[in-house]
Amino acid sequence: MPFTERTYRIIKEMTYPVTFKVDKNGFIILSSKIRNLLSLDHDFKENDEVCGRIYSINKSIGAFIAIDNKFDSLLRINELQGVHIEGEFIEARVKEVKSDGKIELSLRKRAYLEIDNDSDNILDYLYENDGVAYISDKSSPEQIKKLFGISKSSFKKALGRLYKNKDIKIYNNKIELNEGKNV
């Protein structure tokens, strides 16, 4: 793949979605410039499970993913957790299909399915930190995202579940494991 046809750094042993052309000497030229070749003509609907490869990452927008090497989609930056690279294989859920056919993805399950994971994540943090977290439902979305990797809305739902189950106490500036819960 010539340097001029690369849109990212190539890593040995990685698989990438690419296109090719044959030059005048009969050589096959690979290109990672595939966006214009991907279709928006699909039958996907909200909550479908899909998989594909990241073909481009824009640090202010998100990761562009070629679903089944045929269809264009976007995983917004606020949905990305951890480090991702071009060529990475992603399994995701269709979050939304726009009227023009554009697909937005999510790495998270539907909210009602994700609440158990979020609750467990908060409990794990409390168990690992002497039963206390200096964060509350009044904390900023940025603090919550940084500590637990979830939205404030998801955090509040998980807190509600934990509080209802009598697992935690909620204060203005912290949450604590209820006494009787093993720390």
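Helices here are DSSP runs of H or I with at least four residues, strands are runs of E with at least two, and both are numbered from the N terminus. A pocket is found on a 1 Å grid over the protein atoms alone: it is an open set of points where a 1.4 Å probe fits, with protein on both sides within 12 Å along at least five of seven lines, and lining residues have an atom within 4 Å of a point.

You are looking at a predicted model, where local features need pLDDT of at least 70 and side-chain atom pairs count only at pLDDT 80 or more, while totals for chains, interfaces and linings use all residues. Residues are numbered from 1 along each chain as its sequence is written, and side-chain values use heavy atoms, with hydrogens and water left out.

**Stop 1: the largest pocket**

Now select Glu-79, Lys-95, Arg-108, Ser-151 and Ser-154, which lie nearest the centre of this pocket among its 20 lining residues. Strand 6 (89–97), helix 1 (111–128), helix 2 (141–148) and helix 3 each give two or more residues to the lining. What kinds of residues make up the lining of the largest pocket? Three are nonpolar, seven polar and 10 charged. Here Ala, Val, Leu, Ile, Met, Phe, Trp, Tyr, Cys and Pro count as nonpolar, Asp, Glu, Lys and Arg as charged, and the others, Gly among them, as polar. The volume is about 320 Å³, meaning the space filled by probe spheres set on the grid points, which are joined across faces, edges and corners.

**Stop 2: the second largest pocket**

Select the lining residues of the second largest pocket, including Tyr-8, Arg-9, Ile-57, Lys-59 and His-84. About 220 Å³ of space lies in this pocket, and its lining divides into six nonpolar, two polar and three charged residues.

**Stop 3**

Two strands pair if DSSP finds at least two bridges between them. Strand 6 and strand 7 (residues 103–106) run antiparallel and are joined by four bridges. Click on Val-94 to find its bridge partner in strand 7, Leu-105.

**Stop 4**

Three strands in the order 8-10-9 make an open sheet with antiparallel pairing. Strand 8 (132–133) and strand 9 (168–170) stand at the edges with a single partner strand each, so one side of each has no neighbour in the sheet. Two bridges join strand 8 to strand 10 (residues 175–177), and Ala-133 has Ile-175 as its bridge partner in strand 10.

**Stop 4: the hairpin**

Move to strand 1 (residues 19–22) and strand 2 (residues 28–31), an antiparallel pair with four bridges. Lys-21 stands opposite Ile-29. Five residues separate the two strands of this hairpin, and Gly-26 in the turn has a positive phi of about 85°.

**Stop 6**

Most residues other than glycine have a negative phi. Select Asn-47, in the loop between strand 2 and strand 3 (49–58): its phi is near 75°. Then pick Asp-130, in the loop between helix 1 and strand 8, with a positive phi of about 55°.
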